[in-house]
Amino acid sequence: MEMLLMALCLSMFGLAVTAMAFGAATRPAKSASPVQPEARPAKAVAPTRFFGDHVTPPRTSGSNVPTEVLLAQIEDHVRLEQAAAQSFLESPSHAQLHTKTTSAFVN
Amino acid sequence: MAPEQPELLKGLAADDAQRILAIGTRISLRSGASLFQLGDPAERLFLVDRGLIRLTLPMQVRGRREEVVVEERSAGQTVGWSALIPPHKFTLAATAPLETEVIALPREDLRRHFAAHPTVGYQITLNLAVVIGHRLQLFQAMWLREMQRTVEKHSA
């Protein structure tokens, strides 16, 4: 009888220890400090290459502008390109040839 | 004429330049008037005396044909050198965006004059080569810039 009671007590003790350990393991961690850790942005991951990536995004600026504005942009673009080409002819160099344009038509 | 010697007549003695101008006919163009169209037979060379000439090429924009300005020529400059270069067809259209006066020089009259005055013909041909060469170099540089942008776009 004594042996049975002892075994029962030990079983209950073991069950209690197991329950506490399970509770500790599954309890959501709480920070002691009210300050939350700094949220770090996920490292930028190179976009996966799918066929869909090759689809040109719609050019809202180009498709929404009235035709007259578009034509004016083309005209300005030609003028700017001529000026850039003229500068190159006056002082030919690689840098002069490939100066960046401010043309709204291509930017 | 414009105060400065027109580009086509540079290097000519004053009386030689006057004889060339005497061959020409003065044409007045109202604002918006067409001087020639793309593909027209090029029978006459033009010197812009006053105003402005816009040279345009047709471009398809949103399904419509639009004339896009590729070059502007002002007083003293030459328009329509296709008149002297085979196959004598205009490769651009020319219009006057404002009241403009040009001097039209017929090709055949010029040829006869050059045959009679070879040194004048030589000088004018040289001047014309400068105009054509400049156009070529300008468009070559413009084309290369466009190509560079295309390359950058494709390799981005």
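**At what angle do α3(A) and helix α3 (residues 118-155) of chain B pack, and how far apart are their axes?** The two helices pack at an angle of about 115 degrees, and their axes lie 9 Å apart. Axes here are lines fitted to C-alpha atoms, for helices over the stretch in contact, and angles run from 0 to 180 degrees between N-to-C directions. That makes α3(A) roughly perpendicular to α3(B), a label for angles of 65 to 115 degrees, where under 35 is roughly parallel, over 145 roughly antiparallel and the rest oblique.

**A note before the other views.** This is a predicted model, in which local features need pLDDT of at least 70, side-chain atom pairs count only at pLDDT 80 or more, and totals for chains, interfaces and linings use all residues. Residues are numbered from 1 along each chain as its sequence is written, while chains are lettered from A and ligands numbered from 1 in the order in which they are written.

**View 1. The residues where α3(A) meets α3(B).** From α3(A) come Glu81(A), Gln82(A), Ala84(A), Ala85(A), Gln86(A), Phe88(A) and Leu89(A). Their partners on α3(B) are Gln137(B), Leu138(B), Ala141(B), Met142(B) and Arg145(B). By class, this contact has 7 nonpolar, 3 polar and 2 charged residues (Ala, Val, Leu, Ile, Met, Phe, Trp, Tyr, Cys and Pro count as nonpolar, Asp, Glu, Lys and Arg as charged, and the others, Gly among them, as polar).

**View 2. The side of chain A that touches chain B.** Here 16 residues of chain A are in contact with 14 residues of chain B, contact being C-beta atoms, placed from the backbone, within 7 Å. Helix α3 (residues 67-90) of chain A gives the most to this side, with 13 residues. The whole side divides into 10 nonpolar, 4 polar and 2 charged residues. Chain A has 4 helices and 0 strands; these are DSSP runs numbered from the N terminus, with helices (H or I) of at least four residues and strands (E) of at least two.

**View 3. The loop between β6 (78-79) and β7 (93-95) of chain B.** Pro87(B) is found in this loop, and the peptide bond from Pro86(B) to Pro87(B) is cis, with omega near 10 degrees. His88(B), also placed between β6 and β7, has a positive phi of about 60 degrees although it is not a glycine. With 13 C-beta neighbours inside 10 Å, His88(B) counts as partly exposed (buried needs 20 or more other C-beta atoms within 10 Å, exposed 12 or fewer, partly exposed lies in between; C-beta atoms are placed from the backbone).

Definitions and conventions:
Two residues are in contact if their C-beta atoms, placed from the backbone, lie within 7 Å.
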